[in-house]
Amino acid sequence: SFSWLSSLNFRAFQYAQTVLYAVEEINNSKDLLPNHTLGYKIFDSCATPVTAQRAVLAVLNGKDSRENTMCSSTNPLLAIIGESGSSQSIVVSRT
């Protein structure tokens, strides 16, 4: 049973897939950003501003429940891309 499919926001999922594709294309290109590798972390806000705020604060504070050995906290955070919903994006941008 795939009951979770009824609650999946396909538009937000497409946005996330677009980011993944773009990062992969940039990282695999020898012409775009040579000698640099982009990374990403994608958080699910469950379409709530409070969860979006928690996620952005976790990123800014460097806290993650799953540490990735491929990434170190010494790399600079260059951007936070907002949410698919406007209420969550407002919270993220203000934070």
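## Crossing of α2 and α3

The crossing of helices α2 and α3 is right-handed in this predicted model. Two packed helices are described by the angle between their axes and by the distance separating those axes. Here, α2 spans residues 49-61 and α3 spans residues 86-94; the angle between them is about 35°, and their axes lie 8 Å apart.

On the α2 side, the contact is formed by Pro49, Ala52, Gln53 and Val56, while α3 contributes Ser87, Gln88, Val91 and Val92.

## Glutamine 88

One of the α3 residues in the contact is Gln88. Glutamine 88 has a relative accessible area of 7%. Because this value falls under the 20% cut-off, glutamine 88 counts as buried.

When neighbours within four places in sequence are set aside, glutamine 88 is in contact with Ser45, Ala47, Thr48, Pro49, Ala52 and Glu83. Two of these partners, Pro49 and Ala52, also belong to the α2 side of the helix contact.

## The chain as a whole

The chain contains 3 helices and 0 strands, and its pattern along the sequence reads α-α-α. Of its 95 residues, 11% count as buried, glutamine 88 being a buried residue.

Among contacts in the chain with a separation of 6 or more, 48% join residues 24 or more positions apart. The chain exposes about 8,100 Å², of which carbon and sulfur atoms supply 56%.

Conventions: Residues are numbered from 1 along each chain as its sequence is written. This is a predicted model: local features need pLDDT of at least 70, side-chain atom pairs count only at pLDDT 80 or more; totals for chains, interfaces and linings use all residues. Side-chain values use heavy atoms; hydrogens and water are left out. Axes are lines fitted to C-alpha atoms, for helices over the stretch in contact, and angles run from 0 to 180 degrees between N-to-C directions. Helices (H or I, at least four residues) and strands (E, at least two) are DSSP runs, numbered from the N terminus. A crossing is left-handed if the near helix is turned anticlockwise from the far one by less than a right angle, and right-handed if clockwise. Contact means heavy atoms within 4.5 Å. Buried means under 20% relative accessible area, exposed over 50%, partly exposed in between (1.4 Å probe, protein chains only). Accessible areas come from the Shrake-Rupley method with a 1.4 Å probe; for residues, only the protein chains shown count as cover.
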